[in-house]
Amino acid sequence: MRSSIRLGRIKGIPFKVHISFLFILPFFAIVFGFTHVPDILGFQLGFDNLPISWPVKLGLGLIASILFFTAVLLHELAHSLMAIRHGYKISGITLFIFGGATEIERQPKDAVGEGIMAFVGPATSLIIGVVLLPIWFLLRDAPSLGINIIAIMVSMMSFYNILLAGFNLIPAFPMDGGRILRSFLARRIGFIPATRTAVVVGKAIAIGMAIFGFFYNIWLILIALFIYLGAKEEEKSTLIGHTLEGITIGNVMTSDVSVVPPTMVVRELLDKIMMERHIGYPVVHNDHVVGIVTLHDVQGIPASHHYTTEVGQIMSRNVVSVGQDIPAMDALQIMARQRIGRLLVMEDQILIGIVTRSDIIRMLEIRSMERGIPLGRG
Ligand SMILES: [Zn+2]
């Protein structure tokens, strides 16, 4: 995830916080410390009623929010450890505004494993919440202020962990419940139809939640939007990943690469582009790739400079290369992350091909027609 700060490692898994988290932590501290939250189902959910000064309330609120996000981290850690047990590689855990996310490097194919992986997160939250319940009941009516504070802390952690478990069990992508549902369906109807059904269920829940939120609680609309977009994203990436399965860069790249020297002037480059109808070229000097130049780099160069400006002056030096054995899906993700449209394919420092986003999209379209999987565009 972009814009994240790395905090450390737990059992070898890097964990990061997204910058949105730096705003949400003080926000939670204030909500937990001051807002008079109506006590729900007998739980005490804030420190506002206690006879203490405001800095103490703020401090307690901060401790409560740190405890809460520690619980979120435990939830994510449960997902990660179970994923590792199933042989997946975890690139990290990120805490962000909506909670946490475990980044798995590959799309899960093993549907049963995915269900267990998804289930252990909410299960962990539920266990934390339920274990704290009796402690809350024991401490709740204590006469001392110190024990009162601990009791409220326990009450809040119990309530919010149970809420976290419940929220994540909603059977809609991108919640854990959506994955559990897909895994359950996949055993009966297959992975792709299961994904589609789970996406439809997720979207329906999101729409229902938005309508309900419109009348009762405006925050639900935001959560509904998050779920709706998450469901769509999941559908797209699952279908693309599945369709491109087994396709490597070697299958889609252009091996006959046309290159240009850094000393070529823009006018010559434009002629070459018109003749060959490529829009990007690797720039090669003494058999080494030194950059990449595209039609985009030429834009903004006035026509009067076309005979004097050399490719070496306008090319991009950020050359991203891959090996020919990497999956096409991974190449798509690299291009999306780096915001580039083409990758050079290198083997032992030698340029052996070039692959563009459209090469992969074309393969995707051909495959989806062959297999009768409608992908949609966009
Ligand atoms: Zn989860």
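This is a predicted model: local features need pLDDT of at least 70, side-chain atom pairs count only at pLDDT 80 or more; totals for chains, interfaces and linings use all residues.
Guide: Residues are numbered from 1 along each chain as its sequence is written, and side-chain values use heavy atoms, without hydrogens and water.

Visitor: Why are H6 and H7 called roughly antiparallel?

Guide: The axes of H6 (residues 191–215) and H7 (residues 219–243) come within 8 Å and cross at roughly 165°. Angles over 145 degrees count as roughly antiparallel, and H6 and H7 are therefore roughly antiparallel to each other. By class, their contact has 17 nonpolar, 5 polar and 4 charged residues.

Visitor: What makes the pair of Phe-28 and Phe-32 edge-to-face?

Guide: Rings pair if their centres lie within 6.5 Å, and planes over 60 degrees apart count as edge-to-face. For Phe-28 and Phe-32 the centres are 5.4 Å apart and the planes form an angle of 85°, so the pair is edge-to-face. Phe-28 and Phe-32 are 4 residues apart in helix H1 (residues 20–33), so about one helical turn separates them. Both are buried, that is, under 20% relative accessible area with a 1.4 Å probe, protein chains only.

Visitor: How do you know that Arg-188 lies over the face of Phe-184?

Guide: Arg-188 is at 4.2 Å from the ring centre of Phe-184 and lies over its face. The term requires CZ of Arg within 6 Å of the ring centre and within 35 degrees of the ring normal.

Conventions
Axes are lines fitted to C-alpha atoms, for helices over the stretch in contact, and angles run from 0 to 180 degrees between N-to-C directions. Helices (H or I, at least four residues) and strands (E, at least two) are DSSP runs, numbered from the N terminus. Angles under 35 degrees count as roughly parallel, over 145 as roughly antiparallel, 65 to 115 as roughly perpendicular and the rest as oblique. Ala, Val, Leu, Ile, Met, Phe, Trp, Tyr, Cys and Pro count as nonpolar, Asp, Glu, Lys and Arg as charged, and the others, Gly among them, as polar. Rings of Phe, Tyr and Trp (its six-membered ring) pair if their centres lie within 6.5 Å; planes under 30 degrees apart count as stacked, over 60 as edge-to-face and the rest as tilted. Buried means under 20% relative accessible area, exposed over 50%, partly exposed in between (1.4 Å probe, protein chains only).
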